[in-house]
Amino acid sequence: MAFISQRKICPFCENTEIRIDYKEYKTLRKFLTEQGKIIPGFVTGVCARHQRQITRAVKRARNIALLPYTPDYRDM
Amino acid sequence: MKHYETLIIIHPALETSHLKETILELNGRIEKMGGHMLTTEIWGKRRLAYAIDKQKFGTYVLLQYNGEKVNITEFNLEAEHDANVLAYMTIRIEEDEIREQKADLDTQIAGTVTRDDSPKSSAKVDEDASPEEEKPQDDQEVLKSTDEVQPEETDEPEESEKPEDGGEPEPESEPEDAPVEEPETPETAADNPEEKR
């Protein structure tokens, strides 16, 4: 009866070859909402260490205009 | 030996010869500050995530260099006051992250070289799945789950076939056949729950 949530495995711990880099904005976009906010780790299943790396990379990418700070309302 | 990389956004109005001059000038400044240039990568003109100095586009240039005593603060200060540079960011990196220079500046500017934004390992991840590709798959899965339920209702395709047989004459015939058709629909609606049961 109790709801058992399946524990997600951190994709970066599973595949150690993948590097978290601010230049790889296409992979970083997967960890952002439609509004451009960073998704928390307990939702994506990323471990704490890699979540810190993701936030650091996202903030660097935002600084150099590879990722937005705010959502783009041009399509709306 | 410390390794650095600087990602610079150059004004989009600069093209070909002017772009090459500015890049060579930046390389010269790095060497003046005590650095040794390793790679120069031109990503080309890209749309910016937000406007910088009222510019929506910019030319991205990646510079990787190393040195023991590199005066980065002075380099950043000169980039700050340079009119051709919209934005810059200098980061210290490890030796593993240094990329190989695939082509000369001329060929890169010409645009004949295909650039790799990400290393090979992460490129596989990008090719396998992207957020834009995942969304329609999720929608298709939702549609498939609903399609599995729909075949149980057999009356709907029959109703859809009726308008397909004669679209134009139907509106003319409808007012005549309306009193005949109306009792049919409540019967079919009543039959549906019985059939489902």
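Q: What should I know before starting?
A: The model is predicted, with local features needing pLDDT of at least 70 and side-chain atom pairs counting only at pLDDT 80 or more, while totals for chains, interfaces and linings use all residues. Residues are numbered from 1 along each chain as its sequence is written, chains are lettered from A and ligands numbered from 1 in the order in which they are written, and side-chain values use heavy atoms, with hydrogens and water left out.

Q: How many helices and strands does chain A have?
A: Helices (H or I, at least four residues) and strands (E, at least two) are DSSP runs, numbered from the N terminus. Chain A has four helices and zero strands, in the order α-α-α-α from the N terminus on.

Q: What share of chain A is buried?
A: Buried means under 20% relative accessible area, exposed means over 50%, and partly exposed is in between (1.4 Å probe, protein chains only). In chain A, 38% of the 76 residues count as buried.

Q: How do I read the crossing of H1(B) and H2(B)?
A: Axes are lines fitted to C-alpha atoms, for helices over the stretch in contact, and angles run from 0 to 180 degrees between N-to-C directions. Angles under 35 degrees count as roughly parallel, over 145 as roughly antiparallel, 65 to 115 as roughly perpendicular and the rest as oblique. Here the axes of H1 (residues 17-32) and H2 (residues 72-81) of chain B come within 9 Å and cross at roughly 155°, so the two helices H1(B) and H2(B) are roughly antiparallel.

Q: Which residues make the contact between H1(B) and H2(B)?
A: Contact means heavy atoms within 4.5 Å. H1(B) contributes Leu26(B), Arg29(B) and Ile30(B), and H2(B) contributes Phe75(B), Glu78(B) and Ala79(B).

Q: Is Arg29(B) buried or exposed?
A: Arg29(B), in helix H1 of chain B, counts as buried because its relative accessibility is 11%. For its partners, a polar contact is a pair of N or O atoms within 3.5 Å; within protein, one must be able to donate a hydrogen and the other to accept it, and residues adjacent in sequence count only if both atoms are side-chain atoms. The side chain of Arg29(B) has such a contact, 3.2 Å, with the side chain of Glu78(B). Leaving out residues up to four places away in sequence, Arg29(B) also touches Phe75(B), Ala79(B) and Asp82(B).

Q: Where is Thr6(B), and what does its side chain meet?
A: Thr6(B) sits in strand E1 (residues 2-10) of chain B and is buried, at 0% relative accessibility. Its side chain joins that of Thr90(B) in a polar contact of 3.2 Å. Beyond four places in sequence, the contacts of Thr6(B) include Val61(B), Tyr65(B) and Phe75(B).
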